[in-house]
Amino acid sequence: MSLIPENLDELRGKAREFALREFTEEKIRKYEEEEKYPEEIRRKAFEAGFLDMSNPWGMLVAMEEFCRVDPGLGISALSAAFGSEVIMLFGSDYLKKKYLEPVLKGEKISGFAVTEPSAGSDVAGIRSRLERRGKGYVLNGEKIFITNGTVANHFYVLARSSPPPSPEKRHHGMTMVVVESSWPGFEAEQMKGKLGMRATSTAHLKFRDVEVPEENVIGEEGKGFYYVMTFFDISRIHVATQALGIAQGALDMFTEYIINNGLNNRETYQFALADMATRVHAARLLTYDAADRLFKFAPDPVKTSMAKYFAGETAVYVTDLALKYTGMQGVTSKLEKFYRDAKIEEIWEGTNEVEKLVISRMLLKKR
Amino acid sequence: MFSEDQLLMRSTAREFAQRELAQRAEKIEKEGIDNELRSKLASAGFLGAMLPSKYGGSDLDRTSFMLVLQEISKYSPTTALFVLLQHSLVGRTLIRDLSLAESYVQDIVSGKTSWTLPLFQRNLKLDGGRIRGEIPYLPLPRADFLVSYADPKTLVVIKGGVTEVRAHHSLGFRGLGLSHVSVDSVAEKLSQVEVDPTPKVLDEASLEVAAIALGMAQASLERAMDYSKSRRAFNSLLAEFQPLAFQLLEYDAQIKALERFIYSIKDNESLEAGEAKLLSIDLAKRMSRISLQVHGGYGYFEYTGVEKFYRDSAALEAMVSDQVGEKVKLSVLLLGVEPKI
């Protein structure tokens, strides 16, 4: 049984061709150095049809191929609808028309705002407050490390709307709302100086008495935590795919190095190559298996977390090993950027530690 | 393990690093080592630590110098490598020739001039009184003087005439800069030096490199420990979670064992020195990865001061050896047989 759908070759070929054409060395360095969001590339990728949420396999393969050429540009180009799955799954028709449609048409950009200065992996520990006022709500709080933070037109924001009923039920009483970046009281500050992924927009968001209309509540009040967890079942597969693309890209560069330097017959390089290629293949199988389940509307959080954890670790492992054997050429080439970019894959959208918790707790629960 | 003098040197270096480097480490990465810092490194005696007193040096033993590098590296690996470059690689190369030593070493020790040399292969040729060619990887490309071999036995000092062809985007030690340069200059001084001009100059300083890597590993561990005792998640301190606590415990043991091993080695050319270098770089890489992970999203940002150890340790690995060549050399020492396949 093959976990990889057979009809992906054409899509893969188009995505690779696009990335090789658009992600030039000059652009990669420019956006990296300026720490600037690549709007022109996002637009072109959209126009070429890569941001098509009705074709999930297509989006997945495009992410892999884009990240294989450049992770920063690739992720920025394909994450313009970041978080919009929560509207698709739980939003009202009003929210779908107002916020989802323009994103799907490539006219607007969205962001997903959950992490806070004092709560990352521990989502239930957030402190942002959503309080009833008249017919609507008022939002106060801060969010940190938010992707698309300085470029998104609206955000899907998680906040506490009522106190937890008990210390064990801290995940109760949280609500998701849509907040527009043009609203009074909203502020976004770009967070510069990242180790890698510098072409992606990352921001510190502040909400000061931001008025949120009632109709901007996503789904039901108090169920925000579940929506976030459901979203992670989707987004973690995309993150696993990013990591897979990075690992494959590093493997490509290492293979080229071996050939260009006539090292084909040296066992040290052969063993390193075999080691990398085996892990990349395993990461691909895990990721596609988790994706296959999701796309058949039967997501398995254990398989998803396994894919995200293993693919992230593989990206770091492969870039590290490739650097180790390419010496000065490696640390001054595109490979050094892949090494820096890769590390975030073990952190964002659930750290390796959180993924391990998900895997083990759910396995134990089944017994 | 250390004498009183050595411990005194370590505490001097530690105080210097806390006072002069802790606050400006991030600036060093962006702007490099300025004249003021170079002068302070000189005043503290670090640039002439092991060099003879007749040139202004302190005549210290290797252990003391390693302790200095280790302490500096905890705050700024770039500064530690700068000291190693000036002191050991340039200074100790020049004192092989009396005329060169008398002309220049005092200026290095006093921090009056800055120096550099090619890290790896160079393609320089003497043509009459001029020297021409290219150097693919030159740290400190704007240093006042360049010292290099022009052929296997001719050491040349060059001032000026070095043009940057391309500034490399280097993974680590960004404060030093790393460029591909072309050289077209008058050879200021020439010397016939009877030594093996190994293309990898850092090979001759295995123990010093090991000390720098050890400092990085220790700093990464200390920062991870501090953060784990202040950051809370799921109603507990990070340090209260067994997997993390046990991991930090394991690394603390590895670092302590490695420190004893490194400082027990007397011969910089020995098998043990090479092994210590490889082990300490590997440990610095692994520990810095863990430290970054413990810091979560914060660790991914420069201002936290953790990610530089992740970059620098990987860059150090590339700068000091090509892995295979180094391991072949050490394997021969260990096995008496050359692994060729």
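This is a predicted model: local features need pLDDT of at least 70, side-chain atom pairs count only at pLDDT 80 or more; totals for chains, interfaces and linings use all residues.
Me: Is H5(A) buried or exposed?
Reply: Eight of the eight residues of H5(A) are buried, so this helix is largely enclosed by the rest of the structure. Buried means under 20% relative accessible area, exposed over 50% and partly exposed in between, with a 1.4 Å probe and protein chains only, and helices (H or I, at least four residues) and strands (E, at least two) are DSSP runs numbered from the N terminus.

Me: What covers those buried residues?
Reply: The cover includes H2, helix H3 (39–47), helix H4 (56–69), H8 and H11 of chain A.

Me: Which contact is there at the start of H5(A)?
Reply: There, a side-chain oxygen of Asp70(A) reaches to within 3.4 Å of the backbone nitrogen of Gly72(A).

Me: And where does Ser79(A) sit?
Reply: Ser79(A) is in the loop between helix H5 (71–78) and helix H6 (85–90) of chain A, and with a relative accessible area of 7% Ser79(A) is buried. Its side chain reaches the backbone oxygen of Ile75(A) at 2.8 Å.

Me: Which residues does Ser79(A) touch, leaving aside neighbours within four places in sequence?
Reply: With those neighbours left aside, Ser79(A) is in contact (heavy atoms within 4.5 Å) with Met63(A), Ser110(A) and Asn148(A).

Me: Switching to chain B, where is Leu41(B) found?
Reply: Leu41(B) is found in helix H3 of chain B, and at 0% relative accessibility Leu41(B) counts as buried. Leaving aside neighbours within four places in sequence, its contacts include Phe16(B), Ile72(B) and Phe82(B).

Me: How many residues are in the largest nonpolar core?
Reply: That core has 171 residues, and those with the most contacts inside it are Phe66(A) and Leu94(B). Helix H8 (residues 224–260) of chain A gives the most to this core, with 14 residues. A nonpolar core is a set of buried Ala, Val, Leu, Ile, Met, Phe, Trp, Tyr and Cys residues joined through side-chain atoms within 4.5 Å.

Me: OK, new topic: what lines the largest cavity?
Reply: The lining is Leu323(A), Lys324(A), Gly327(A), Val331(A), Ala314(B), Glu317(B) and Ala318(B). H10(A) gives the most to this lining, with four residues.

Me: What about the second largest pocket, how many residues line it?
Reply: The second largest pocket is lined by 50 residues, of which Glu29(B), Lys30(B), Arg174(B), Gly175(B) and Gly177(B) lie nearest its centre. On a 1 Å grid over the protein atoms alone, a cavity is a set of points where a 1.4 Å probe fits but cannot get out, whereas a pocket is an open set with protein on both sides within 12 Å along at least five of seven lines, and lining residues have an atom within 4 Å of a point.

Me: Which helix gives the largest share of that pocket's lining?
Reply: The largest share of the lining of the second largest pocket, five residues, comes from H2(B).

Technical notes
Residues are numbered from 1 along each chain as its sequence is written. Chains are lettered from A and ligands numbered from 1 in the order in which they are written. Side-chain values use heavy atoms; hydrogens and water are left out. A polar contact is a pair of N or O atoms within 3.5 Å; within protein, one must be able to donate a hydrogen and the other to accept it, and residues adjacent in sequence count only if both atoms are side-chain atoms.
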